[in-house]
Amino acid sequence: MQELQTERLLLRPWKKSDVKDLYEYAKSDLVGPNAGWKPHKDEEESKEIIQMFLESTDMLYAIELLSEHKVIGSIGLHDRKPDETLSHLNQKEIGYVLNPAYWGKGYVPEAVNRVLEHGFEDLNLDIVWCGHYDFNHNSKRVNEKCGFNYRFSENKILERLDGQEVVCLYYSILKSEYQNGKNVTDAS
């Protein structure tokens with residue numbers, strides 16, 4: 001998995017030494033429940049999650065803030081196909097979380113745009129999905145800011161959140177939509 005860089009961020013593979021940075025945000029009630037999991041109880045749980053990241057076949061990146069050499073979140077491309085009628089397309093689903101201390105600074109859209117570029121230009125994806133739960137308004141804003149288009153909603157039961165019932169809203173961006181949006185952005 002190659003590292004990806006933006007002006008302010010390094011998207012890189014996780015390291016075991018990232019445990020303190022991960023726990024710092026994963027223990028927050030503002031992070032896990034918005035992503036469908038319980039806050040971490042201790043650093044040992046964060047250590048286990050990093051090990052799971054390292055063993056995963058998904059592309060899971062630590063988001064490192066270059067100016068601080070600190071992991072402030074994570075972003076990944078997951079092997080999921082939310083709409084089975086499009087299962088013939090080369091596709092991934094993007095997911096992300098960010099330390100609340102760094103919210104509102106544009107880091108997630110910056111990371112998402114870099115991952116989209118990698119997905120469409122290097123991995124030759126046809127479509128990239130992104131979902132959020134109906135109560136997660138921050139993710140909705142990121143999805144729309146990054147050019148994703150709402151496609152459908154689905155009721156889900158979150159096993160990792162004690163069976164909580166939620167509505168998941170799915171968005172996607174096709175390669176052609178990405179290229180058209182990029183051309184408009186590049187021309188301005």
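Biologist: Is Pro109 buried or exposed?
Modeller: Buried, because its relative accessible area is 12%. Buried means under 20% relative accessible area, exposed over 50%, and partly exposed in between, using a 1.4 Å probe and protein chains only.
Biologist: What should I know about the numbers behind that?
Modeller: This is a predicted model, where local features need pLDDT of at least 70 and side-chain atom pairs count only at pLDDT 80 or more, while totals for chains, interfaces and linings use all residues. Residues are numbered from 1 along each chain as its sequence is written, and side-chain values use heavy atoms, with hydrogens and water left out.
Biologist: Which helix is Pro109 in?
Modeller: Helix 4, residues 107-122. Helices (H or I, at least four residues) and strands (E, at least two) are DSSP runs, numbered from the N terminus.
Biologist: And what is Pro109 in contact with, leaving aside neighbours within four places in sequence?
Modeller: Val142, Lys145 and Cys146. Contact means heavy atoms within 4.5 Å.
Biologist: Switching to backbone angles: what's phi of His69 near?
Modeller: Near 50°, which is a positive value in a residue other than glycine. His69 sits in the loop between strand 3 (59-65) and strand 4 (70-78).
Biologist: Why does His69 count as exposed?
Modeller: Because its relative accessible area is 64%.
Biologist: What about phi of Asn124?
Modeller: Asn124 has a positive phi too, near 55°, and isn't a glycine either. Asn124 is in the loop between helix 4 and strand 6 (127-133), and at 47% relative accessibility Asn124 counts as partly exposed.
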